[in-house]
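The tour goes from one selection to the next.

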Amino acid sequence: MKSKKHCNIPIFIPQLACPHQCVFCNQEKISATFSVPKPNEIAAIIDDYLETIPNNKEINIAFFGGSFTGIPRNEMIAYLEAAYEYVKDGKVQGIRLSTKPDYITDDILDILEKYGVTSIELGAQSTNNKVLLKSGRGHKFDAIEKAANLIRKRDFELGLQMMLGLPYDTLELAIQTAKDIVRLGADTTRIYPTVVVKGTVLEKMYERGDYKVFSLDEAILWSKEVLKIFNAASIKVLRVGLHPSEELELGKSLVAGPIHPSFKEMVLTALWGDILYEKLEKKGHSIVSVSSKQLNYAIGYKGKNRNDLKMKGFDINFVVDSFLKDFELNVCYN
Ligand code: SF4
């Protein structure tokens, strides 16, 4: 039987009273840009979404945008109660939320379990203590490990998000973070290259020359390397890169950083470039079969892989083989 496609009803709850000041985050800007729905407004938002979602989808209510479990307890429960009504009557299948590792305790997990939460995403960002310290995260790696272990003991899906290129981060440390995320038993992850946003501590560091921002090429290379680790461990990657929004544009909120509308395609192009160079044994003409989902990435963003390989003497005809899984290929020489 074909599994149902997932669909999220997003409810954006930026954490207005976050006691931390992560160097990359401008809470004031976030809070000023988005109005935070009150718990008694949640039902109307969910009803509006439900009207537009076909009923063959698996639907989740997703609280995101801050540290959900860090908001005052009564308020958090009020949001959950509103969402849980829809789980109880079968209109949605679960509740997802994102939070900060040091806002997870057994007490909090008891509450989340009681109100039908199915998936918890932690902003791990890095597993290196110096990167965490320099980024103002307010906790060390042991908090990430402890939270992940508490979540894993129960029946939640665990997500561990990571950022690339935070202060003090290196490609080696980013690779270690990805390996730690695998070791901690994550089901899902998201990969976000760091960008410099106006009004942040990072902006000041950048202006003083204390922080070097990623080039697009560096961000693609790092993302590709961590993606390989997640693919090998069959961890579902829910997002690669930030989406450019009207607000996150150069000259507006974005000061500098690797944002591109086709960032994910470029990372997958680079990944497929490595796979093809590794697997191709003979120059000349060949037929390379890949899954239909991966065909465009194998050919490459704007045909990059096909063109680069042609320049090196590999004349490839890319075709679909629907029996192949993601990142598998067959090569036929003639
Ligand atoms: S924990 Fe950091 S990233 Fe999250 S809302 Fe607070 S300051 Fe921003």
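Predicted model: local features only at pLDDT ≥ 70, side-chain atom pairs only at ≥ 80, totals over all residues.

F327 has 18 C-beta neighbours inside 10 Å, so F327 counts as partly exposed; a residue needs 20 or more to be called buried.

**The whole protein**

The protein contains 12 helices and 12 strands. Its radius of gyration is 21 Å, close to the 20 Å that the globule rule gives for 334 residues, so the protein is as compact as a globular protein of that length. Along the principal axes, the C-alpha atoms fill a box of roughly 70 × 55 × 35 Å.

Of the 334 residues, 36% count as buried. Take the contacts between residues at least 6 apart in sequence: 78% of these join residues at least 24 apart.

**Two helices**

Next, select residues 171-183, which form helix α7, and residues 216-232, which form helix α9. Two packed helices are described by the angle between their axes and the distance between the axes. Here the angle is about 25°, and the axes of α7 and α9 are 9 Å apart. That angle makes α7 roughly parallel to α9, since angles under 35 degrees count as roughly parallel. The crossing of α7 and α9 is right-handed.

Show the side chains where the two helices meet. Which residues of α7 take part? They are L171, A174, I175, A178, K179 and V182. On the α9 side, the partners are W222, E225, V226, I229 and F230. The residues of this contact divide into 9 nonpolar, no polar and 2 charged.

Move on to S234, in the loop between α9 and β8. S234 also has a positive phi, of about 55°, and is not a glycine. Is S234 buried or exposed? S234 has 8 C-beta neighbours inside 10 Å and therefore counts as exposed; the limit for that is 12 or fewer.

**A proline beyond β8**

Select P244, which is found in the loop between β8 (236-240) and β9 (254-256). With 15 other C-beta atoms within 10 Å, P244 is partly exposed. Leaving aside neighbours within four places in sequence, P244 is in contact with E249, I259 and P261. P244 and T118 are 126 residues apart in sequence, and their C-alpha atoms are 29 Å apart in space.

**Back towards the start of the chain**

The last stop is I13, in the loop between β1 (5-12) and α1 (27-33). How many other C-beta atoms lie within 10 Å of I13? There are 22, so I13 is buried.

Which residues does I13 touch, not counting those up to four places away in sequence? Select V36, F63, G65, G66 and F68 to show them around I13. Finally, draw a distance between the C-alpha atoms of I13 and K38: these residues are 25 apart along the chain, and the separation is 9.1 Å.

Definitions and conventions
Residues numbered from 1 in each chain as written. Helix = DSSP H or I, 4+ residues; strand = E, 2+ residues; numbered from the N terminus. Rg over C-alpha atoms; globule rule 2.2 N^0.38 Å. Contact = placed C-beta atoms within 7 Å. Axes fitted to C-alpha atoms, helices over the stretch in contact; angles between N-to-C directions. Parallel < 35°, antiparallel > 145°, perpendicular 65-115°, else oblique. Left-handed = near helix turned anticlockwise from the far one by under 90°. Nonpolar A, V, L, I, M, F, W, Y, C, P; charged D, E, K, R; others polar.
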